[in-house]
Amino acid sequence: MKAPDGQEFWNAVEYHEIVSYEKIVSLMYFSDPEGNKVDPAQLGIEHEAIDGAYDVAIFEDLGNGQTKLTFIGNEPMESAKNSGQLEGWNQILDKVAEVVAGLAQAG
């Protein structure tokens, strides 16, 4: 992910549960470019996420080709905003939207 000041950060994800079309339970952490876990403090980041707490993405079919995504993060909302986690998730979702749009055009 890229911070507003242009600094780049890497994340890696461990997937703990995937239920097709329903939910994904994962644990995201800061990493180096090769995916090795990095302590956020080494990056100058105050990190308030709860160790061992998972992120949960829930997908709900609304019909007419629409899906509702509910994301339950491992960090309080204010902290997620201040740490850049919210912006990071928006970047991830923008990339997912590009992939889905490409698949729709190819299909």
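Colleague: What percentage of the 107 residues of the protein chain count as buried?
Modeller: This is a predicted model, in which local features need pLDDT of at least 70, side-chain atom pairs count only at pLDDT 80 or more, and totals for chains, interfaces and linings use all residues. Residues are numbered from 1 along each chain as its sequence is written, and side-chain values use heavy atoms, with hydrogens and water left out. Buried means under 20% relative accessible area, exposed over 50%, and partly exposed in between (1.4 Å probe, protein chains only). Of the 107 residues of the protein chain, the buried share is 25%.

Colleague: In what order do the elements of the protein chain run from the N terminus on?
Modeller: Helices (H or I, at least four residues) and strands (E, at least two) are DSSP runs, numbered from the N terminus. The protein chain has two helices and four strands. Read from the N terminus on, the elements follow the order β-β-β-β-α-α.

Colleague: What box do the C-alpha atoms of the protein chain fill?
Modeller: The box is taken along the principal axes of the chain. Its rough dimensions are 45 × 30 × 25 Å.

Colleague: Is S26 buried or exposed?
Modeller: S26 belongs to strand 2, which spans residues 23-31. Because its relative accessible area is 7%, S26 is classed as buried.

Colleague: Which residues does S26 touch, not counting those up to four places away in sequence?
Modeller: S26 sits in strand 2. Once residues up to four places away in sequence are set aside, the residues touched by S26 are V13, E14, Y15, H16, Y54 and D55.

Colleague: Which side chains meet in a salt bridge?
Modeller: A salt bridge is a side-chain nitrogen of Lys or Arg within 4 Å of a carboxyl oxygen of Asp or Glu. A search of the whole structure finds one. With an N to O distance of 3.4 Å, the side chains that meet in a salt bridge are those of E17 and K23.

Colleague: How does E17 count by its relative accessibility, and how does K23?
Modeller: The relative accessibility of E17 is 34%, so E17 counts as partly exposed. K23 has a relative accessibility of 28%, and therefore K23 also counts as partly exposed.

Note on methods. Contact = heavy atoms within 4.5 Å.
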